[in-house]
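Please keep the sequence and the structure in view while reading.

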Amino acid sequence: MSSGRVRVGVPGELGEGEKERWRALRAASETPRNPFMEPEFTEAVGLVRPQARVAVVYEGLEPAGFLPHERGPLGQGRAIGLGVSDAQGAILRPGLRLDTGELLRACSLSSFAFDNLEAEQRLFVRYAAEEHASYVIDVEKGYETYESVLRAQSPKFLKTTLAKERRLGRQVGELRFVFDEREPAALRTLMEWKSAQYRRTGRRDRFAQEWITRLVGRLAATRAPECSGTLSVLYAGRRPLAAHFGLRSASVLACWFPAYDPEFAKYSPGLVLHLRMAEAAAAEGIGMLDLGRGAAEYKNALKTGELPVYEGAVTRPGVGAALHWLSREPARRAHSYVRGRPQLAALAARTLKGAARLRRT
């Protein structure tokens with residue numbers, strides 16, 4: 001490792017100068033400025049996850065790189081906020097030469113796992129086991145241009161969704177969209193809808209995990225130029241129909257937790273909400289909405305492109321690395337096997353829903 005010393009501490013110990021350097025390094029990167037990669041996200045995770053750490057790599061007295069991570073009891077490392085963070089990796093000076101193994105050793109890590117690694121993360125990407133698509137909406141040229149793209153690639157979808165939006169306004173109540181809602185009750189409603197959706201579809205309820213609920217609460221109050229919690233809500237009169245909580249920078253809206261009131265499912269309020277989010281984001285000067293990885297019909301309908309993200313781990317010899325393999329690799333291979341077989345994947349989805357129904361009876 002050609003750099004100098006490495007200091008490892010908790011996120012709250014970062015000085016303002018170090019955080020400014022972090023932001024400057026992100027600004028110099030060629031990758032989209034995803035808010036999950038900003039110091040504010042790492043600081044928020046540090047307040048709810050005691051195992052959160054940041055490695056600061058110095059060249060002389062100048063910070064040249066940062067690796068936000070979480071450390072397990074035997075040194076098993078993972079990307080900060082793994083499981084909920086949609087962009088991961090190190091923040092490094094362009095051209096900085098580091099040895100991956102030496103960096104892990106300096107952090108007392110036996111492994112470093114990731115599941116949404118950015119494509120330009122040369123330090124770790126060669127250790128990826130799988131590549132996934134993160135679906136994106138390009139509104140760089142304005143919402144009208146985006147709508148014209150939809151009209152060309154998904155004409156039926158756009159026509160149907162706009163018709164449902166008009167019908168929603170006529171039959172339920174005058175529609176009102178708020179891009180950056182500050183009402184705490186609206187965030188609680190979103191969490192309730194999302195928890196119910198997880199249970200309904202047989203998925204693990206993320207909001208049943210206290211640290212995730214606390215993390216979202218802290219980020220909802222975060223207001224920074226490159227990492228700001230953003231709650232968007234579609235109302236009919238005073239009644240919320242659909243909502244989304246995500247993070248935004250000056251150029252990227254990272255879509256995170258969307259949900260809607262199932263009573264109004266026939267109107268597709270979630271799709272209407274995403275169109276209004278795209279329109280509002282473009283008006284704010286945001287050029288891209290990142291819908292995240294994971295195939296979904298609504299993402300296929302809304303997307304204009306894809307970005308690659310990576311899942312995998314780098315390990316050093318030792319007990320912690322062996323534990324990492326035992327805890328993650330068999331499940332990952334099983335998931336990969338299912339994903340590669342559409343009929344099996346559809347059967348798995350039906351089985352999950354059936355199990356969820358059984359749990360409710």
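Helix H2 is largely enclosed by the rest of the structure, because seven of its ten residues are buried. Here buried means under 20% relative accessible area, exposed means over 50%, and partly exposed lies in between, with a 1.4 Å probe and protein chains only. The buried residues of H2 are Pro39, Glu40, Phe41, Thr42, Ala44, Val45 and Val48. Helices (H or I, at least four residues) and strands (E, at least two) are DSSP runs, numbered from the N terminus.

The model is predicted, so that local features need pLDDT of at least 70 and side-chain atom pairs count only at pLDDT 80 or more, whereas totals for chains, interfaces and linings use all residues. Residues are numbered from 1 along each chain as its sequence is written, and side-chain values use heavy atoms, with hydrogens and water left out.

The chain as a whole has eleven helices and 14 strands. Of its 361 residues, 51% are buried. Among contacts with a separation of 6 or more, 74% join residues 24 or more positions apart, a contact being heavy atoms within 4.5 Å.

One partner of H2 (residues 39–48) is H1, whose axis lies 10 Å from that of H2 at an angle of about 130°. This angle makes H1 oblique to H2. Axes are lines fitted to C-alpha atoms, for helices over the stretch in contact, and angles run from 0 to 180 degrees between N-to-C directions. Angles under 35 degrees count as roughly parallel, over 145 as roughly antiparallel, 65 to 115 as roughly perpendicular and the rest as oblique. On the H1 side, Lys19, Trp22 and Arg23 meet Pro39, Glu40, Thr42 and Glu43 of H2. By class, this contact has two nonpolar, one polar and four charged residues. In this classification Ala, Val, Leu, Ile, Met, Phe, Trp, Tyr, Cys and Pro are nonpolar, Asp, Glu, Lys and Arg are charged, and the others, Gly among them, are polar.

Glu147, Leu150, Arg151, Ala152 and Gln153 of H4 meet Pro155, Phe157 and Leu158 of H5. The residues of this contact divide into five nonpolar, one polar and two charged. With H8, H4 packs at an angle of about 145°, the axes being 9 Å apart. Tyr143, Tyr146 and Leu150 of H4 make this contact with Leu275, Arg276, Ala278, Glu279 and Ala282 of H8. The contact of H4 with H8 has six nonpolar, no polar and two charged residues.

Ser108, in the loop between helix H3 (100–106) and strand S6 (111–117), has a positive phi of about 60° although it is not a glycine. At 43% relative accessibility, Ser108 counts as partly exposed. Ser268, in the loop between strand S12 (252–260) and helix H8 (269–283), likewise has a positive phi, of about 50°, without being a glycine. Ser268 is buried, with a relative accessible area of 16%. Ser195 lies in helix H6 (residues 184–200) and counts as buried at 9% relative accessibility. Leaving aside neighbours within four places in sequence, Ser195 is in contact with Asp205 and Phe207.

On a 1 Å grid over the protein atoms alone, a cavity is a set of points where a 1.4 Å probe fits but cannot get out, and a pocket is an open set with protein on both sides within 12 Å along at least five of seven lines; lining residues have an atom within 4 Å of a point. Grid points are joined across faces, edges and corners, and a volume is the space filled by probe spheres set on the points.

The second largest pocket holds about 490 Å³ of space. Its lining comprises 20 residues, of which Leu92, Arg93, Pro94, Glu120 and Arg122 are the closest to its centre. Helix H1 (16–28) and strand S5 (91–92) each supply at least two lining residues, and H1 gives the most, with three. By class, this lining has nine nonpolar, four polar and seven charged residues.

A search of the whole structure finds one cavity of 30 Å³ or more. The largest cavity has a volume of about 40 Å³ and is lined by Met37, Pro68, Ala79, Ile80, Ala87, Gln88 and Gly89. The lining of this cavity has five nonpolar, two polar and no charged residues.
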